Amino acid sequence: MRSETPIPPDCVFCDIVAGRLHSEILFEDERTVAFLDNTAVMEGHTLVIPKRHAADIWAISEDDATAVMRTVHHMAGVLQRVLEADGMTLFQANRPAGWQDVFHLHVHLVPRQDADHLHRPWHVGRADPVALAKTRRRILGAEGTGSAPSE
C-alpha cells in the first residue's frame, strides 16, 4: 500500500542525507541516518530517517521502514547507555493532523529522566469497550486486513 513520494526541492532531511546541510550525525548506514534534533526537547533528542525520501508511513517501503526501526533500536541502546536515560519516548508523526511538521518520515528518540519537564499530550482513561468492539469489526471487515501484510 505504498505510494511514491515526489522529493520536494526544500526537504531539509534530504539535504542532510546529501551533505548539503550540516547536522550532528550520530550513525549512518546504507539506508538510514540518525542525527541530533536541532530543536531538541531533551539532551540527546535524536531523529532517525530513511535516506530515500518518503513523506510519511504510507509512502515508505517495508524494507526502508525495517531499516529505520533497526536504527531506532540501535540508537535507543546507545542513548540509554551513554546518557544513562531512565526511559525513552519514541514517536513518529504523519501528516498535519498527526502533528508532522517535516514531511520526510522520521522517528524521534527522546531520552527521558525521572521527573523531567515533559508531559503526556493526552490523559489516559479507559475506552468504551462497545466502541472498541465496533472499531475492531470495522477494521477487520475491511478488505485485506486481519492477516499478515502481503508482499
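User: Why does T71 count as buried?
Analyst: Buried means under 20% relative accessible area, with exposed over 50% and partly exposed in between (1.4 Å probe, protein chains only). T71 has 2% relative accessibility, so T71 counts as buried. By the way, this is a predicted model: local features need pLDDT of at least 70, side-chain atom pairs count only at pLDDT 80 or more, and totals for chains, interfaces and linings use all residues. Residues are numbered from 1 along each chain as its sequence is written, and side-chain values use heavy atoms, leaving out hydrogens and water.

User: What does T71 touch?
Analyst: Contact means heavy atoms within 4.5 Å. Not counting residues up to four places away in sequence, T71 touches F27, D29, T32, A34 and V48.

User: What makes F13 and F35 an edge-to-face pair?
Analyst: Rings of Phe, Tyr and Trp (its six-membered ring) pair if their centres lie within 6.5 Å; planes under 30 degrees apart count as stacked, over 60 as edge-to-face and the rest as tilted. F13 and F35 sit 5.5 Å centre to centre with 70° between the planes, and that's edge-to-face.

User: Are F13 and F35 buried or exposed?
Analyst: F13 has 6% relative accessibility, so F13 counts as buried. F35 is at 3%, so F35 counts as buried too.

User: How do you know that the span of helix α3 agrees with what it should be?
Analyst: The expected span is 1.5 Å times one less than the number of residues. For the 12 residues of α3 (residues 129–140) that should be 16 Å, and the end C-alpha atoms are 16 Å apart, so the two agree.

Note on methods
Helix = DSSP H or I, 4+ residues; strand = E, 2+ residues; numbered from the N terminus.
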